[in-house]
Amino acid sequence: MPDYTLYTYFRSSCSGRLRIALNLKGIEYAAVPVNLLKGEQASDAHRALNPSATVPLLVAHRDGDLRIGQSMAALEYLDEAHPDVSPLLPADASSRAAARALANIIACDVQPVTNLRILKRLRAIEGADAEAWSVELINEGLRAYEETARGVAGRYSVGDGVSIADVALMPAVWGAERFGISLEAYPTVKRIAANMSALPAVQKAHPFVQPDCPEELRAKS
């Protein structure tokens, strides 16, 4: 059995963060798909594992079957448990703060208000446009990311090394593509995304190559 099990959904941006990090660090893991559209995350079986009824859930078998149900905590756990391969946090305090701030623009400001749980509630409100809501908030987040990253970015979001910021950004970029949002207004983000997209670890984490991706979407990759 691999050291880790990841409960995941192919289009979950939070799950995508962990897939990228695990791949970057060369860590083998068992993937257990949880179909969000079918409500499997709300099943009694899944709630027993993750009371938040969400994905991802990272189970660290190497650490007494430790269960981590929040992606940012799981990323930092992986970085502390495997510090010698593709560290996600820069070595100096100021760069670490910059990386965490950028990551949290995505993890705190964008993803929570554009996730399936919120969109389902919006779609139940007469006259509400869930897609327009998502496009507006994703653009706001990308704008903030662009302006924040501009002064610290190199090849990636903070200098020339991949960090927790990039790991959070890429699934957000995939989400932007889903909604037809162009990155032309965000040249720093566009450059970072292009550099990230060239990495095999990121390509392997893309939603459309996951085992639970529907065949009709897989054909688009």
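Predicted model: local features only at pLDDT ≥ 70, side-chain atom pairs only at ≥ 80, totals over all residues.
Lys190 is partly exposed, at 38% relative accessibility. Residues are numbered from 1 along each chain as its sequence is written, and side-chain values use heavy atoms, with hydrogens and water left out.

Lys190 has a charged partner. Its side chain meets that of Glu184 in a salt bridge, with N to O at 2.3 Å. The term requires a side-chain nitrogen of Lys or Arg within 4 Å of a carboxyl oxygen of Asp or Glu. Glu184 is exposed, with a relative accessible area of 54%.

How many salt bridges does the structure hold? There are six. Side chains of opposite charge can pair when their charged atoms come close.

Another of these pairs is Asp79 with Lys25, whose closest N and O atoms are 2.9 Å apart. Asp79 sits in helix 3 (residues 71–81), while Lys25 sits in the loop between helix 1 (13–24) and strand 2 (29–33), so this bridge ties together parts that are 54 residues apart in sequence. Helices (H or I, at least four residues) and strands (E, at least two) are DSSP runs, numbered from the N terminus. Are these two partners buried or exposed? Asp79 is buried, at 9% relative accessibility. Lys25 is buried too, at 6%.

Helix 3 also supplies Glu76. The Glu76 side chain forms a salt bridge with that of Arg100, at 3.1 Å from N to O. Arg100 belongs to helix 4 (residues 93–114), so the pair ties helix 3 to a part that is 24 residues away in sequence. Glu76 is partly exposed, with a relative accessible area of 23%. Arg100 is partly exposed as well, at 32%.

Now the cysteines. A search of the whole structure finds zero disulfides, a disulfide being a pair of cysteine sulfur atoms within 2.5 Å. For Cys108, the nearest cysteine sulfur is that of Cys14, 10 Å away. Cys213 is in no disulfide either, and its nearest cysteine sulfur, again that of Cys14, is 18 Å away. Cys213 is buried, with a relative accessible area of 5%.

Technical notes. Buried < 20%, exposed > 50% of the residue type's maximum accessible area, 1.4 Å probe, protein only.
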